[in-house]
Amino acid sequence: MKIMAVCGSGLGSSFMMEMNVKKALAKLGVEAEVGHTDLASVTLDDADLFVMASDMAASSSIPAERIVIVKNIVSIVEFEEKLREYFNR
Amino acid sequence: MLKQYPSFPYIQRVEQIKNWQQVMIIFVQLRLTGKSIKSRYIDCLLQVHQDIGPYSVIAPQISMLNARPEDNILAQKLPLFIMQQRIDFASENDLVNLVLMLTEKDYSLYLAMLLQVVGRSPDGNILGSLSNLLRFPILRRSYIVTN
């Protein structure tokens with residue numbers, strides 16, 4: 001499985017999200033390849049699951065069922081909750 | 001890599017704040033943040049906000065402005081704009097009390113500084129951890145502090 005964190009520039013915020021996704025996955029015991037990119041260049045083929053803030057999701061062409069939306073991108077707790085919810089679907 | 005979180009010896013009071021655009025302009029223009037980035041960065045910040053929305057509001061009450069190596073960074077700085085008055089950034093994480101900006105010439109150091117900020121607050125409560133770090137009550141007035 002591949003997970004891509006997406007932000008406006010593909011550097012600061014998405015890098016933080018990538019780190020927090022990795023920490024959350026470790027807690028959940030899920031193995032996945034995790035990367036980060038920017039909204040302008042992201043495509044459906046880049047990953048199985050995309051993580052982004054809601055502002056980004058509204059501007060994205062990625063289908064909603066393949067997006068996990070986080071409100072607080074510095075909260076590992078929220079990443080863990082949202083990813084657990086996704087994997088339990 | 002950074003060994004420890006920077007200290008913030010420089011403090012500058014800020015009076016009236018009208019809106020988020022003014023927050024960005026004040027932040028970049030004030031003397032304490034001067035010489036860390038070139039002035040055209042503010043144009044880039046405002047344009048990106050206009051194009052893709054309030055991307056910088058990364059958590060409740062917190063906006064993070066990234067000035068990266070390619071943004072003509074002149075020095076490593078971590079200025080914080082702490083606002084007594086809450087400002088509407090048109091984000092679901094409104095209203096904003098804290099704006100922080102990372103500026104760094106070297107990309108690996110930039111990422112290291114970013115992790116220092118994030119790693120301090122696993123529950124996302126950056127304001128809470130800053131209150132201890134700065135050693136004075138935050139949100140009693142508006143000011144900028146920097147390293």
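This is a predicted model: local features need pLDDT of at least 70, side-chain atom pairs count only at pLDDT 80 or more; totals for chains, interfaces and linings use all residues.
Local features are given only where pLDDT is at least 70 and side-chain atom pairs only at pLDDT 80 or more, whereas totals for chains, interfaces and linings use all residues, and side-chain values use heavy atoms, with hydrogens and water left out. Residues are numbered from 1 along each chain as its sequence is written, and chains are lettered from A in the order in which they are written.

**View 1. The elements of chain A.** Chain A holds 3 helices and 4 strands, where helices (H or I, at least four residues) and strands (E, at least two) are DSSP runs numbered from the N terminus. Read from the N terminus, their order is β-α-β-β-α-β-α. The radius of gyration of chain A, taken over C-alpha atoms, is 11 Å, close to the 12 Å that the globule rule (2.2 Å times the number of residues to the power 0.38) gives for 89 residues, so chain A is as compact as a globular protein of that length. Along the principal axes, the C-alpha atoms of chain A fill a box of roughly 30 × 25 × 20 Å. Of its 89 residues, 55% count as buried, a term that stands for under 20% relative accessible area, with exposed meaning over 50% and partly exposed in between (1.4 Å probe, protein chains only). Among contacts (heavy atoms within 4.5 Å) in chain A between residues at least 6 apart in sequence, 55% join residues at least 24 apart.

**View 2. Helices α1 and α3 of chain A.** Two packed helices are described by the angle between their axes and the distance between the axes. The axes of α1(A), residues 12-28, and α3(A), residues 76-87, come within 9 Å and cross at roughly 60°; axes here are lines fitted to C-alpha atoms, for helices over the stretch in contact, and angles run from 0 to 180 degrees between N-to-C directions. That angle makes α1(A) oblique to α3(A), since angles under 35 degrees count as roughly parallel, over 145 as roughly antiparallel, 65 to 115 as roughly perpendicular and the rest as oblique. Among the residues that meet are A:Met17, A:Val21 and A:Leu25 in α1(A), and A:Ile76, A:Phe79 and A:Leu83 in α3(A). The residues of this contact divide into 9 nonpolar, 1 polar and 4 charged, with Ala, Val, Leu, Ile, Met, Phe, Trp, Tyr, Cys and Pro counted as nonpolar, Asp, Glu, Lys and Arg as charged, and the others, Gly among them, as polar.

**View 3. A:Glu80 in helix α3.** A:Glu80 lies in helix α3 of chain A and, at 15% relative accessibility, counts as buried. Leaving aside residues up to four places away in sequence, A:Glu80 touches A:Ala24, A:Lys27 and A:Leu28.

**View 4. A:Thr37 in strand β2.** Strand β2 of chain A (residues 33-38) contains A:Thr37, which is buried, with a relative accessible area of 14%. Apart from residues up to four places away in sequence, A:Thr37 touches A:Met4, A:Ala5, A:Val6, A:Cys7, A:Gly10, A:Ser14 and A:Val42.

**View 5. Chain B and B:Asn97.** Chain B has 4 helices and 6 strands, and 53% of its 147 residues count as buried. B:Asn97, placed in strand β5 (residues 96-103) of chain B, is buried, with a relative accessible area of 2%. B:Asn97 and B:Ile62 are 35 residues apart in sequence, yet their C-alpha atoms are 6.3 Å apart in space.
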